[in-house]
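Colleague: Please take a close look at one part of this model, the metal site. I would like the ligands, their setting in the chain, and then the domain arrangement around them.

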Amino acid sequence: MSDINFKDFLPELVGIRHRLHQMPEIGLSEVKTSAFIAEQLEKWGFEVTRGLATTGIVATLRAGSSNRAIGFRADFDALPMHEETNLPYASQHPGAMHACGHDGHTSMLLGAAWALSQDKSFSGTVHFIFQPAEENYGGGKLMIEDGLFERFPCDQVFALHNWPGLPTGSFATRAGPVAASIDVVTITVKGKGGHGAQPELTVDPVVVGSSIVMALQTLVSRNISPHQPSVVTVGSFQSGSASNIIPDSAVLEVSMRAMMPQVREEIRARVEQIATFQAKSYDADIAFKWDVGYPATINDADAVSAAVSTITTHFGEEAFAEMDVPLMGSEDFSFLLEKVPGAYVLIGNGDSAGLHTTKYDFNDAILERGSMYFYHLAKDHL
Ligand SMILES: [Zn+2]
Ligand SMILES: [Zn+2]
């Protein structure tokens, strides 16, 4: 299958994965994880640049005379959850867990780095991009703001994400939108509190907030084309403390997802407009606090063709299935894809517990294949 003896290296790679799993760290505080990754790469003779977006790392490998360069990206942050797997290598950091398999993504990319350092039969440059803070903090955006592609120019970029429920080691993706954008806004309704018996002296933020929740339900159904997938969810509505007190304020948390940039903009604008005018009609004030949003993840058709040809050539036609529809979840690799064409591909984690659950674990049986995917991509396309 390959020109190197990966089988002999695999036990070391499994050890690396388990070590990463034991030391999960939340986004932007992945200090030990980052140091551990850099040490592995330096041990194998890589040029390693540390400190992009604080904990991000880029390792570079050059061979031959071609000016072409490709980037492979893995994320390495964990989630604020308590692990309940009872594995011998379970989290040793209470309240943190690798529940999205980023320990596995990092290990697959480390495996590829090792393999390509052993067999440099390609011509060009490979940048191995190890990224912090994929979950919620937009580490991909932060690395770009830190000059990722100015310092390490890439013609194409590729990333893998494991996927529970997809057959072990099989691949799936699609050209165009592959994952939704996400935006989150906290809406604070400021009314005027008072006695529950004297509503005429108050501006009741519970009623205002309720009107906003109901009015937002018309956004997707009345403002967005039925051909454009999108979701608006009011996931939290907090107000008040007792039945006979009209509170001063209410706080709503709203998430919005879309596939197309123009739909995303329309939804963001309409949420503010609808909430503002609902509040006005009750004489309440309103404030908005927007979190970092992630754009939709949009795959380049040529990069997808390159990925699919590598998959089917080396792992067989049956190893690939095209996705019918994009994921409604989101992914901050989208920031990299806004700058450089590339492909985000899923690799099956088999019949495992779901992502972001306390029983989840990355499947070690796909480590070799994930590493070989990147390895062959470099050799096939450089
Ligand atoms: Zn996740
Ligand atoms: Zn993830």
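Modeller: The model is predicted. Three residues coordinate the zinc ion (ligand 1): C100 through SG, E135 through OE and H356 through NE2, at 2.0 to 2.3 Å. Along the chain these donors follow the spacing C-x34-E-x220-H. C100 also bridges to the zinc ion (ligand 2), and the two ions lie 3.2 Å apart. C100 sits in the loop between β3 (69-75) and α3 (102-118), while H356 sits in the loop between β16 (342-348) and α10 (367-381), so the pair ties together parts that are 256 residues apart in sequence. The two residues can also be described by their accessibility. C100 is buried, at a relative accessible area of 7%, whereas H356 is partly exposed, at 38%.

As for the domains, the assignment gives domain 1 as 6-179 + 296-381 and domain 2 as 181-290. Their C-alpha centres lie 37 Å apart, and the contact takes 9 residues from domain 1 and 10 residues from domain 2. About 690 Å² is buried between domain 1 and domain 2, with carbon and sulfur atoms giving 72% of that area. On the domain 1 side, A296, M328 and S330 supply 67% of the area buried against domain 2, more than any other three residues. Across this interface the rule finds 0 salt bridges and 1 residue pair in polar contact, both residues at pLDDT 80 or more.

Key: Residues numbered from 1 in each chain as written. Chains lettered and ligands numbered in written order. Predicted model: local features only at pLDDT ≥ 70, side-chain atom pairs only at ≥ 80, totals over all residues. Heavy atoms only, no water. Donors = N, O, S within 2.8 Å, 3.2 Å for Na, K, Ca; no water. Helix = DSSP H or I, 4+ residues; strand = E, 2+ residues; numbered from the N terminus. Buried < 20%, exposed > 50% of the residue type's maximum accessible area, 1.4 Å probe, protein only. Domains from an automatic or database assignment. Contact = heavy atoms within 4.5 Å. Buried area = accessible area lost by both parts, 1.4 Å probe. Salt bridge = Lys/Arg side-chain N within 4 Å of Asp/Glu carboxyl O. Polar contact = N/O pair within 3.5 Å; in protein donor to acceptor, adjacent residues only side chain to side chain.
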